Amino acid sequence: MSAALQLHTGMSEAEWQTRCTLASVYHIINHLGWTDLINTHMSARIPGEPNHFLINNYGEMFDEITASSLVKMDMDGNVLSAGGKFNSAGFTIHSGVYKARSDANCVLHTHTRAGAGVSLMKHGLRPISQDHLSVLDDVVYHEYGVPATQEECDALAVSLKGGGSCVVLLNHGLLTLGHTIHGAMMRLYMLERACELELISRQLGEEPVVVSEYVQQKAKERMQKRRQSDDYGLPEFEGLVRTAERLGFDWKR
Ligand SMILES: [Zn+2]
């Protein structure tokens, strides 16, 4: 029996490991400056428990979040871990994605200035940057609805049924999902970077160069293949975790 399992009775080792990885995501997002006070949320489905996921204890700043403080929930909104609060809009979004997409094991959601800025436009991202090319075929635009309602949960499922995993939530922010936590994080990183460049280009006072259709198509084919790998985004994520550890963040408790 591992030390982690001995220390955390009442949960599987898979749950504890997922808690540690998801908690590291909050510290990484804090380090990257992608927070919005206590708002926005990252979640992960627990391996072997398809109807259960982990999300932040609402009220904690991202640099306060630990593996133990994450809240375990089911798809009906029941809290299964002792104590802890959740944000109802967060529950609606995250459970809506998990119910709609069996391939999603992680959902990340931000309100960054670049992401929320691009979300003000109907189809804000244009094929003008290498960063956007890496997610070009994976982007979905979802119309703003009434937060924390079943209606919004259902509408999100409709937006996601085509298979896209990088979502621009119009008038709101960004959301990515992935089969793995690192895959969802890689998508979010590239989507965020694409949004930053899109906003920069709109301030230059000159029309940007649009990447040719041929190159766009080749990029789509290449990135679809890369994203099929379970290793997509893994080296980058491991690097971010090492950075967070070097900075002294302590989430494994
Ligand atoms: Zn939000």
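Predicted model: local features only at pLDDT ≥ 70, side-chain atom pairs only at ≥ 80, totals over all residues.
Colleague: How many residues does helix 9 have, and what does it reach from its first C-alpha to its last?

Modeller: Helix 9, covering residues 234-246, has 13 residues and reaches 18 Å, close to the 18 Å expected. After its end, Gly248 takes a positive phi of about 90 degrees.

Colleague: Which residues of helix 9 are buried, and what do they pack against?

Modeller: Phe237, Leu240 and Ala244 are the buried residues of helix 9, a residue being called buried if 20 or more other C-beta atoms lie within 10 Å of its own. These buried residues pack against helix 2 (13-32) and helix 7 (181-201).

Colleague: How do you know that the buried residues line one face of helix 9?

Modeller: Seen down the axis of helix 9, the buried residues fall within an arc of 60 degrees, so they line one face. An α-helix has 3.6 residues a turn, so residues three or four places apart point the same way. The face turned away from the buried side carries exposed residues, among them Glu238 and Arg242.

Colleague: Why is helix 7 called roughly perpendicular to helix 9?

Modeller: The axes of helix 7 and helix 9 come within 8 Å and cross at roughly 90 degrees; since angles of 65 to 115 degrees count as roughly perpendicular, helix 7 is roughly perpendicular to helix 9. In this contact, His182, Met185 and Met186 of helix 7 meet Leu234, Glu236 and Phe237 of helix 9, giving four nonpolar, one polar and one charged residues.

Colleague: What makes helix 2 roughly perpendicular to helix 9?

Modeller: Helix 2 and helix 9 pack at about 80 degrees, with their axes 10 Å apart, and because that angle falls in the range of 65 to 115 degrees, helix 2 is roughly perpendicular to helix 9. Ser24, His27, Ile28 and His31 of helix 2 make this contact with Leu240, Val241, Thr243 and Ala244 of helix 9, and by class these residues divide into four nonpolar, four polar and no charged.

Technical notes:
Residues numbered from 1 in each chain as written. Helix = DSSP H or I, 4+ residues; strand = E, 2+ residues; numbered from the N terminus. Expected span 1.5 Å × (residues − 1). Buried ≥ 20, exposed ≤ 12 C-beta atoms within 10 Å, placed from the backbone. Arc of directions from axis to C-beta. Contact = placed C-beta atoms within 7 Å. Axes fitted to C-alpha atoms, helices over the stretch in contact; angles between N-to-C directions. Parallel < 35°, antiparallel > 145°, perpendicular 65-115°, else oblique. Nonpolar A, V, L, I, M, F, W, Y, C, P; charged D, E, K, R; others polar.
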